[in-house]
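The entries below follow the order in which I went through it.

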Amino acid sequence: METLKAQKKESKKEKAIRITGAEAIIHCLLAEGVDLIYGYPGGAIMPVYDELYKFQDKLTHILTRHEQGATHAAQGYARVTGKVGVAMATSGPGATNLVTGIADAQIDSTPMVCITGQVPRQLLGSDAFQETDIVGISTPVTKWNYQITKVEEIPEIMAKAFYIARSGRPGPVLIDITKNAQFDELDFVYEKCTAVRSYKPVPKPEPSSIEKAAEIINEAKKPMIVFGQGVILGEAEAELKAFVEKSGIPAAWTILGLSAMDTDHPLNVGMVGMHGNYAPNMLTNECDLLIAIGMRFDDRVTGDLNTYAKQAKIIHFEIDPAEINKNVKVDVAVLGNAKETLEMILPLVDKKEHKEWKAEFDKLHQIEYDTLIEKDIHPTKEGLTMGEVMEQINIASGQKAVIVSDVGQHQMIACRYAKFKQSKSNITSGGLGTMGFGLPAAIGAKMGAMDREVVAIIGDGGYQMTIQELGVIFQHNVPVKIVVLNNDHLGMVRQWQELFFDKRYASTVMTNPDFVKIAEGYHIKSRRVTERADLKEAVEEMIASKDPYFLEVKVEKEDNVFPMIPSGASVSDIRLK
Amino acid sequence: MEKQWYTISVYSENHVGLLNRISGIFLKRHINIESLNVSKSEIDGVSKFTIVVFTTEDWTRKIVRQIEKQIEVIKAFYHTDDETIYQESALFKIASHLLFDERQIQNIIKESNSQIVTVNREFFALAKTGRRHEIDEMHAALEPYGIMQFVRSGRIAVSKATMPISEILQEFQEN
């Protein structure tokens, strides 16, 4: 063993090249297959930027207009490709500006590596210019983080960073690198990380839990599935489809599970949660078995836990043991990657059709359609609705677009009405609810899927939180399509104020600038729609454009998003109006 | 659910940021760490955190899972007091003249099974190892005479059941 190690070390030495830490970082990124990173330079990361200049033919760096934009762009890229997104920033404010995006990636399990510069080792702890304890600050919102202070650490730590970010339940990793480690030289050899002694990314599925789950599934009379992003992250879409079709079980999705299954599939019964569909929310409290697949029983999904699916047995397919019995007590936990566990359970599941039970979903869907959906997507009232814009986008894009949404009413409408045939197509900030996510995430998504149409649906509030990223779209001619659904309000907060705070509209009315002129200032083709008669043609023009395109739609100012489960209420207390 | 004392034992790599990560897990949930001790363990290169909390089993289980989720954590266990052998240590610094002026102090030293660690003209130091209540009783007995300094360590504990860390490490390596 020891001689083997020594031999390995010897052969490693032979392959080594003598380079600086800054250049080593570039080689690490290239070795991990990175060809695109987002970031913002500054003092403590300048040696790395100097190397980026030299390697620009192999590695593209996109200068976002704010570090937060870099993280969201990296997230958008990661979500659409399944690869690790990379963001880079300098120390101090550069690093702290990454924190929102890191927290977003943590709660939405997005693989991302953030690299920050840091003051030289000898200045650490001296309150040096732009020194901040980013490792301390980012600890609660990273899957892992580390400060490199010695150049020799770079290859091993970078390899570990990528391995940890992408393996198991993915998440963000932050690597802080002191400036001396960027300047110093090392004998560089890169070996990919394939294991970390104390870290077990994917628990081994227990055949007994799978048998037990199959038994309960085969006995169930009124089963339903709720799937989440675990299906997408585990690339288990085909396995989910096979499981749903063989078992005949109606399947609903969480906001991050959207697009894992064809939205028009006959057994797809829509979204669960606060603004989800009527049928799956109501029937959560009537089913006799709830099969949760790659989801985490977020409070926006469950409503009041004391009245959530109490009558049902619960099976939880999950990769992260910490999620089991965290919010909802389950009868059977099936640990493992959904792709593997769904494949294992498939032969044990009886082929069935739950016709009568499915008819209950259809019946409730019809009620929702008649009271709400029809009026949302084919309105007859004067003002434009967000729903009809989404419907036009579905039609014009042939349901093939990647839809990136920001946070608020338009996000709920986008997720309720967008149609998808392909996975990894719905990109939104689910867990953190980060306003400002949409525009930069759409840039990352488009650059990760240049062959696909990418449409960003954004509200007038969130748009102005990261509006400066229009500069990236202009500079690099990133052909994203931006739709701002402008109601001149922070719509979702206003809706809550209307419903729960006696219409006291505290700080939710917005006096907005001329968004079309702003887009024109960035030389982006743009158009404003205020009349229904122009909507269809404007959306078609936008989709047909080969270049970036900005479309502002002036929608009804005080529309509400329904259905709605009031905060803390039971899922079966869902309101249709 | 009923609250009681739980001893959480965490086996981990010796990593500089880990204490911050672990304490953050308690902080986020407003659960007070009653005592904390970090030391080496029975395995070379593996650290052991011994954390005492007073909470429900449900919370303890959730916290242990969150701790285990940290990259450098190999395994975490939780046990009730009945399931562990545990001790704390304390040091008392007392003025030397009291040894001669207050005869009762010598009885306290004998009865409490404590040791005199050092004596000089100004003070002497007493060391006591035992259960929390034994240390508390000794503290109460000495207090009327004046304690110059007092310190008590975190709990250290071994479980009655096995903690098969070597096997777990082996399993990790095979994966």
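**Entry 1**

Contact here means that the C-beta atoms of two residues, placed from the backbone, lie within 7 Å. The classes are nonpolar for Ala, Val, Leu, Ile, Met, Phe, Trp, Tyr, Cys and Pro, charged for Asp, Glu, Lys and Arg, and polar for the others, Gly among them.

I note that this is a predicted model, in which local features need pLDDT of at least 70 and side-chain atom pairs count only at pLDDT 80 or more, while totals for chains, interfaces and linings use all residues. Residues are numbered from 1 along each chain as its sequence is written, and chains are lettered from A and ligands numbered from 1 in the order in which they are written.

Helix α17 spans residues 386–397 of chain A and helix α24 residues 532–544 of chain A; they pack at about 45 degrees, with their axes 9 Å apart. Helices (H or I, at least four residues) and strands (E, at least two) are DSSP runs, numbered from the N terminus. Axes are lines fitted to C-alpha atoms, for helices over the stretch in contact, and angles run from 0 to 180 degrees between N-to-C directions. α17(A) and α24(A) are therefore oblique to each other; angles under 35 degrees count as roughly parallel, over 145 as roughly antiparallel, 65 to 115 as roughly perpendicular, and the rest as oblique.

**Entry 1: another pair, α2 and α3**

I then took helix α2 (residues 21–31) and helix α3 (residues 46–54) of chain A, whose axes come within 8 Å and cross at roughly 55 degrees. That makes α2(A) oblique to α3(A). The crossing of α2(A) and α3(A) is right-handed. On the α2(A) side I list Ala22(A), Glu23(A), Ile25(A) and Ile26(A), which meet Pro47(A), Val48(A), Asp50(A), Glu51(A) and Leu52(A) of α3(A). This contact has six nonpolar, no polar and three charged residues.

Two strands pair if DSSP finds at least two bridges between them. Strands β17 (454–459) and β18 (481–486) of chain A pair in the parallel sense over five bridges, and Ile457(A) stands opposite Val483(A) in β18(A).

**Entry 2: a second open sheet**

I found another open sheet of six strands, ordered β11-β10-β9-β12-β13-β14 (chain A), with parallel pairing. Its edge strands are β11 (268–271) and β14 (332–335) of chain A. Neighbouring strands are turned by 20 degrees against each other on average, direction ignored. β13 (residues 313–318) and β14(A) pair over four bridges in the parallel sense; Glu318(A) stands opposite Leu335(A) in β14(A).

**Entry 3: backbone details**

The peptide bond from Phe562(A) to Pro563(A) is cis, with omega near 0 degrees, and Pro563(A) is in the segment after β20 of chain A. Ala309(A), a residue other than glycine, has a positive phi near 50 degrees; Ala309(A) is in the loop between α14 (299–302) and β13 of chain A.

**Entry 4: whole chains**

For chain A I count 24 helices and 20 strands. Its C-alpha atoms fill a box of roughly 70 × 65 × 40 Å along the principal axes. Chain B has six helices and nine strands. Its radius of gyration is 20 Å, well over the 16 Å that the globule rule gives for 175 residues, so chain B is more spread out than a compact globule. The radius is taken over C-alpha atoms, and the rule is 2.2 Å times the number of residues to the power 0.38.

Key: A crossing is left-handed if the near helix is turned anticlockwise from the far one by less than a right angle, and right-handed if clockwise.
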